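Hi everyone, thanks for coming.

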Amino acid sequence: MKMLIASDLHGSMDALDFIRARANELSPDMLVFLGDLVYHGPRNPLPRNYDTDAMLMQMPHILDLPCPVIAVRGNCDAEVDVVQMPFKMPDEAWLDVDGHKIFACHGHHLPDRPPIPQLPAGTIVLRGHTHIPRGETIDGISFWNPGSLSLPKGGFPKSYGIYQNGIFQVLDKKGNVILSHKTEN
């Protein structure tokens, strides 16, 4: 299975246009949004080409992509925006991908390391929130984060994630691999 993964678009039409183009190019089996899609947040600068109205008007076109969309709600996703989305945005979602149990969430309510009592060893935590790419396994729990396509932090470039054949990769907008992490079975 191939997943295209994006997080923390924060109202950037450039980020939305980019991920839509990548979905059309790659034809993934699933597009996963990890929250903070529309609002830039109270402590973030305005992203380039920030346009919440245009973002909300373009979201229905996401459903025209060659794959289903899974989206979870982030800490900056206001109810007024979530109800206008053409897809559901629960706080979390469990995905079964290639035999892996993936817990998808924005991540603002989870610790950065185990123990996480509700998650058994072997779980993959797919999260956003920090705007920093991540791929590592600690005490049997893998942590994946695609970074941000609009407001990267920690000196990282704008980035997104791809999962395929047991490998999670974070790429910059030019297609350069920033990190690669193989799942443990």
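Let's begin with strand 4 and strand 5, residues 100–105, which pair in the antiparallel sense over six bridges. Within that pairing, L95 stands opposite I102 in strand 5. Please keep in mind that what you see is a predicted model.

Which strands make up the open sheet, and in what order? There are five of them, in the order 4-5-6-8-7, and the pairing is mixed. At the edges sit strand 4 (92–97) and strand 7 (134–138), each pairing on one side only. On average, neighbouring strands in this sheet are turned by 20 degrees against each other, direction ignored.

As general background, nonpolar side chains in soluble globular proteins tend to be buried together. Here, the largest nonpolar core has 30 residues, and those with the most contacts inside it are I19, L31, F33, L37, I62 and F87. At least two residues each come from strand 1 (2–6), helix 1 (13–26), strand 2 (30–33), helix 2 (52–62), strand 3 (69–71) and strand 9 (159–164). Which of these gives the most? That is helix 1, with six residues.

Leaving aside residues up to four places away in sequence, F87 touches F33, L37, M59, I62, L63, V69 and A71. There is also a second, separate core of 18 residues.

Conventions:
Residues are numbered from 1 along each chain as its sequence is written. This is a predicted model: local features need pLDDT of at least 70, side-chain atom pairs count only at pLDDT 80 or more; totals for chains, interfaces and linings use all residues. Side-chain values use heavy atoms; hydrogens and water are left out. A nonpolar core is a set of buried Ala, Val, Leu, Ile, Met, Phe, Trp, Tyr and Cys residues joined through side-chain atoms within 4.5 Å. Buried means under 20% relative accessible area, exposed over 50%, partly exposed in between (1.4 Å probe, protein chains only). Helices (H or I, at least four residues) and strands (E, at least two) are DSSP runs, numbered from the N terminus. Contact means heavy atoms within 4.5 Å. Two strands pair if DSSP finds at least two bridges between them. Axes are lines fitted to C-alpha atoms, for helices over the stretch in contact, and angles run from 0 to 180 degrees between N-to-C directions.
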